[in-house]
Amino acid sequence: MKNLEYLFSPITIKTMKLSNRCVMPPMGTNLCNKDLTVSAANIAYLDRRAKSGVGLIITEIVGVHPSGTVGIGAYEDRFIPGLEKMAAVIHKNGAKAAAQLHHAGREAYIQLKKGEALAPSAIPGPIVRIPPKEMTTEDIKIIVASFGQAALRAKKAGFDAVEIHGAHGYLITQFFSALSNHRTDEYGGDFQSRSRFALEVVKEVRNCVGEDYPISFRISAEEYIKNGYTVENVQQILPDLVKAGVDIVHASIGTYGSPGSIGCATPEYEEGFNAWRAGKLKEAVDIPVIAVGRFSNPDAADTAIAGGQADMIAFGRQLLADPDFLIKAKNGKVEDIRKCLACNQGCIERLMLEPGSSVRCAINPETGHELIYPEKPAASKKTVWVIGAGPAGLTAAAEAARLGHDVTLFEKNREIGGQVRFAAKAPFKTLYGDWMKWFQRQLATSGVVLKTGITVNEKILRESEADVVISAIGAEGKIPDIQGIEHQMVCNALEILDGSIAVGKHPVIIGGGLIGMEVADFLSEKGCTVTIVEILPKSPVLMFTGHGYHLHKRLSEGGCRILLNTRVEKIQDNAVVISSGENRKIISPVDQVVIAAGMQSRQDFKKVCRDKGIAHSVVGDAMNPRRIMEAVEEGAKAAWDI
């Protein structure tokens with residue numbers, strides 16, 4: 001680990017003096033109250049992040065006008081008391097605070113449904129296909145003024161700066177983009193003309209907050225979509241934005257229409273992948289530039305600053321996965337950093353796919369639970385047995401030990417990790433293996449007694465002195481009822497991933513869920529000709545998620561066939577018989593059949609625990625096969641409830 005002299009050096013921007021170059025960028029939480037005011041959960045979440053030692057925290061979006069607010073509001077004075085609490089809790093921990101001013105435009109779902117959403121043109125967005133209302137010049141004047149008034153409220157609330165959200169496909173980006181801006185007046189036309197709205201917003205904010213107050217502008221440095229604007233386009237307008245009043249450029253990337261969720265990049269993108277675009281923006285203007293792009297390693301961040309690509313580095317999801325990672329880096333304990341998996345399960349997909357849900361982190365159970373997260377030891381020490389060392393069991397054991405209990409963790413295999421051991425073998429998922437190595441190190445110092453290679457049975461459990469048993473024994477693969485399923489060329493997906501079965505040249509995979517798709521990816525990378533047979537009419541792996549997009553893309557480019565609405569009827573020598581409706585067909589040649597037909601939970605110890613009067617809970621896949629996020633949360637809560 002380097003001494004990180006660049007990352008931890010101070011920087012002054014007008015009246016704002018930052019102790020280091022580390023920035024927490026805006027990330028939506030959906031923790032606010034129903035009336036869009038700041039909640040106790042918002043404050044607890046920010047308090048935890050501010051303890052990280054980060055120099056600048058930019059809040060999640062605060063809406064400047066009711067027509068485009070999708071989170072916390074800042075469009076009336078009634079929001080000021082809550083904003084004051086946000087600024088105060090950030091300051092309490094030594095960081096500086098900036099409020100991000102935002103209007104969603106055509107991405108304001110509730111307003112779209114009411115017919116109240118505004119946009120430069122009446123063109124539906126790529127996700128919610130409802131046309132917005134085209135803004136009149138009077139609408140534009142109102143929204144421009146609302147940005148200025150919201151900035152003034154933020155200043156009154158004690159924020160050290162404001163950031164104007166001009167990225168990610170929201171209203172200002174909608175004006176920038178030729179794909180969403182078809183206006184023929186002075187706000188449409190070439191890129192320079194389409195930037196007029198942004199310039200007016202900046203000027204209005206500057207007029208309202210005064211000359212010495214710092215203004216940041218977050219922009220997607222590249223639209224990253226077919227026929228979208230480029231870095232070179234942005235370079236052209238940056239001098240005008242600076243002249244209008246911008247003091248900091250925050251260089252993000254992409255919009256809702258960009259492929260592969262590049263704005264919340266998956267592991268397919270290398271760490272710091274977007275820093276070169278920040279460097280291109282630095283070439284155009286002489287003000288500080290913030291780089292963002294899957295940074296989790298402080299070394300990489302320091303190198304980006306040292307190399308002149310940026311002046312500051314934004315760590316977003318990494319601050320959800322491990323709020324203490326900068327402190328650990330400073331203290332030379334880089335091996336203790338819990339690195340973000342870039343999985344997007346809790347911080348992005350949960351908010352998208354589960355209406356009304358709030359932020360989580362798949363691997364850090366504290367995130368989003370700050371109000372209920374127990375910090376003090378339990379009132380009474382218990383003897384706790386955790387059976388199964390997958391994500392749920394590992395989390396349960398670690399949390400129970402942290403709270404002062406005597407914990408023994410049993411794992412029937414020689415290695416910890418459960419199904420994560422296999423997932424880590426799939427392309428671009430080595431981070432999952434690193435997570436298990438992190439857990440191994442944490443267990444070594446936590447006081448947990450780890451016993452591997454031991455299968456706990458009813459006899460062992462009846463003879464135990466455990467006060468509490470947490471069953472995290474996982475799930476087992478379903479064996480479909482197919483003629484010929486006992487054929488010698490049939491194996492299960494996990495045997496392929498762990499290398500215990502040699503791969504065939506022409507495999508057929510039964511099941512197109514995540515396991516089946518990742519096994520197909522693994523086999524395709526080895527040059528196999530792969531066919532996936534999935535009984536559902538649509539792929540269970542959603543293409544609009546980042547990982548799903550890349551999986552589908554790689555499999556398509558690798559020649560993998562995905563047969564939907566299809567079932568395997570019979571397995572025979574060198575062939576598989578399939579059917580779709582009334583149509584039957586033989587796939588040949590086939591030299592391997594891989595079962596990835598889903599998992600079924602195991603709840604082996606309920607009766608014996610009831611008989612002995614042992615407090616007992618079932619967590620993770622043992623309860624119901626799901627994702628890592630649910631397993632980790634259940635494991636943690638089982639420990640917290642002891």
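**Burial, helices and overall form of a predicted model**

Q: At 1% relative accessibility, does Ser 471 count as buried or exposed?
A: This is a predicted model, in which local features need pLDDT of at least 70 and side-chain atom pairs count only at pLDDT 80 or more, while totals for chains, interfaces and linings use all residues. Residues are numbered from 1 along each chain as its sequence is written, and side-chain values use heavy atoms, with hydrogens and water left out. Buried means under 20% relative accessible area, exposed over 50% and partly exposed in between, with a 1.4 Å probe and protein chains only. Since its relative accessibility is 1%, Ser 471 counts as buried.

Q: In which strand is Ser 471 found, and with which residues is Ser 471 in contact, leaving aside neighbours within four places in sequence?
A: Strands (E, at least two residues) and helices (H or I, at least four) are DSSP runs numbered from the N terminus, and Ser 471 belongs to strand β17, residues 468-471. With contact taken as heavy atoms within 4.5 Å, and with neighbours within four places left aside, the partners of Ser 471 are Ile 387, Phe 605, His 616, Ser 617, Val 618, Val 619 and Ala 622.

Q: How many Å does helix α16 reach from its first C-alpha to its last?
A: Helix α16 covers residues 430-446, which makes 17 residues. The expected span is 1.5 Å times one less than the number of residues, and α16 is close to that expectation, reaching 24 Å.

Q: Which elements are included in what covers the buried residues of α16?
A: The buried residues of this helix are Leu 431, Tyr 432, Gly 433, Trp 435, Met 436, Trp 438, Phe 439 and Leu 443. Their cover includes α14 (391-402), β15 (406-411), α15 (420-423), β16 (449-452) and α22 (628-640).

Q: Which residue follows α7 with a positive phi?
A: Helix α7 runs over residues 196-209 and reaches 20 Å, and its buried residues include Phe 197, Val 201 and Val 205. The residue after α7, with a phi near 95 degrees, is Gly 210.

Q: What is the radius of gyration of the protein chain?
A: The chain has 22 helices and 28 strands. The globule rule, 2.2 Å times the number of residues to the power 0.38, gives 26 Å for 642 residues, so the chain is as compact as a globular protein of that length. Taken over C-alpha atoms, the radius of gyration is 26 Å.

Q: What percentage of the residues of the protein chain count as buried?
A: The C-alpha atoms fill a box of roughly 75 × 65 × 50 Å along the principal axes. Of the 642 residues, the share that counts as buried is 59%.
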